[in-house]
Amino acid sequence: MIEVKNLKKQFGKNVVLDNINLEIKKGEVVSLIGPSGSGKSTILRSIIDLETITSGDILIEGNNLKDKKIKKEMLLKTGMVFQTFNLFPHMSVRNNIVKTLELVKKLDKKEANKIAEETLEVVGLIDKIDNFPSELSGGQKQRVAIARALSLRPDILLFDEPTSALDPELVKEVLDIIRKLKNDKITMLIVSHEMNFVKEISDKVVVLEKGEILEKGDSKKIFENPDSQRVKEFLNTIY
Ligand code: ADP
Ligand code: MG
């Protein structure tokens with residue numbers, strides 16, 4: 001579904017990603033972990049074209065994002081959920097989804113409303129459809145953001161620390177939705193510091209440090225018996 005090949009990213013002279021190679025297959029859940037500043041967000045942002053990569057290739061379903069003709073179509077296959085929700089504050093929950101569908105997918109109002117209702121059912125928030133974001137808890141806001149991303153029917157969902165801005169008691173409701181999406185076989189690339197969750201939900205885990213991959217592989221193996229001494233130390237400090 002997504003292939004990242006020899007990705008390098010510099011901000012000015014500062015190399016923040018180097019020699020990044022990743023593959024996410026259909027139906028797989030892959031997590032990126034590593035210390036703050038190791039480049040996790042930059043990888044996600046590069047995949048959805050929010051960052052211009054310095055060199056290397058990103059392929060979505062075999063199509064290179066460098067190919068301008070198909071780039072827009074390929075980006076529509078991705079959906080991103082951010083740490084800070086990024087909901088439109090002046091729009092109801094319904095319109096956060098409906099307006100996005102009208103704008104991005106050019107759907108008519110009726111169809112957009114139907115999908116908004118369906119996806120809000122998935123995240124258990126149909127009763128909040130006419131509320132505004134300011135009337136919701138952080139966990140509910142993030143669930144709306146997930147519904148909005150899902151409403152675009154992406155082939156892969158990317159999550160950048162979806163629970164980091166939440167009070168501890170609200171983390172579970174968001175993680176439970178992501179668990180549900182895994183059951184529905186949604187392909188996901190997740191950045192999270194919730195290590196128990198990462199271990200449980202991921203098929204593969206990629207450990208980054210200072211812009212390079214320290215180790216990647218089967219989730220259980222990475223957590224229980226990593227090859228790299230640095231990965232052992234990192235996991236010992238946070239897990
Ligand atoms: P992580 O998500 O793992 O915490 P980031 O991908 O946000 O790491 O950042 C990786 C590195 O890139 C950091 O050193 C950060 O300071 C740098 N960086 C990120 N965005 C920018 C930017 N827009 N301009 C300059 N440096 C940036
Ligand atoms: Mg980050």
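Colleague: Great. What should I know before I read any values?

Modeller: This is a predicted model, where local features need pLDDT of at least 70, side-chain atom pairs count only at pLDDT 80 or more, and totals for chains, interfaces and linings use all residues. Residues are numbered from 1 along each chain as its sequence is written, chains are lettered from A and ligands numbered from 1 in the order in which they are written, and side-chain values use heavy atoms, with hydrogens and water left out.

Colleague: Thanks! Which residues are around ligand 1?

Modeller: Phe 11, Val 16, Pro 35, Ser 36, Gly 37, Ser 38, Gly 39, Lys 40, Ser 41 and Thr 42. A residue is listed if one of its heavy atoms lies within 4 Å of the ligand.

Colleague: How do they divide into nonpolar, polar and charged?

Modeller: The shell has 3 nonpolar, 6 polar and 1 charged. Here Ala, Val, Leu, Ile, Met, Phe, Trp, Tyr, Cys and Pro count as nonpolar, Asp, Glu, Lys and Arg as charged, and the others, Gly among them, as polar.

Colleague: And where does the largest share of that shell come from?

Modeller: From helix 1, residues 40–47, which supplies 3 residues. Helices (H or I, at least four residues) and strands (E, at least two) are DSSP runs, numbered from the N terminus.

Colleague: What lies 2.5 Å from an oxygen atom of ligand 1?

Modeller: A polar side-chain atom of Thr 42. Lys 40 has a side-chain N or O atom 2.8 Å from a ligand oxygen, and for Gly 37 a backbone N or O atom is 2.7 Å from one. The cut-off for a polar contact between N or O atoms is 3.5 Å. As for cover, the protein hides 58% of the 560 Å² of accessible area that ligand 1 has on its own, by the Shrake-Rupley method with a 1.4 Å probe.

Colleague: Nice. Switching to strands: in what order does the open sheet run?

Modeller: The order is 2-1-4-5, with antiparallel pairing among its 4 strands. At the edges are strand 2 (14–24) and strand 5 (63–64), each pairing on one side only. Two strands pair if DSSP finds at least two bridges between them.

Colleague: How many bridges join strand 1 to strand 2?

Modeller: There are 7, with strand 1 covering residues 2–11. Gln 10 has Val 15 in strand 2 as its bridge partner. Their hairpin has 2 residues between the strands, and Gly 12 takes a positive phi near 60° there.

Colleague: And the rest of that sheet?

Modeller: Strand 1 pairs with strand 4 over 5 bridges, with Val 4 opposite Ile 58. Strand 4 (residues 55–60) is joined to strand 5 by 2 bridges, and Ile 60 stands opposite Asn 63.

Colleague: Last topic: which side chains lie over a ring face?

Modeller: Lys 9 lies over Phe 11, 4.7 Å from the ring centre, and Arg 148 lies over Phe 88 at 5.1 Å. That requires NZ of Lys or CZ of Arg within 6 Å of the ring centre and within 35 degrees of the ring normal.

Key:
A polar contact is a pair of N or O atoms within 3.5 Å; within protein, one must be able to donate a hydrogen and the other to accept it, and residues adjacent in sequence count only if both atoms are side-chain atoms.
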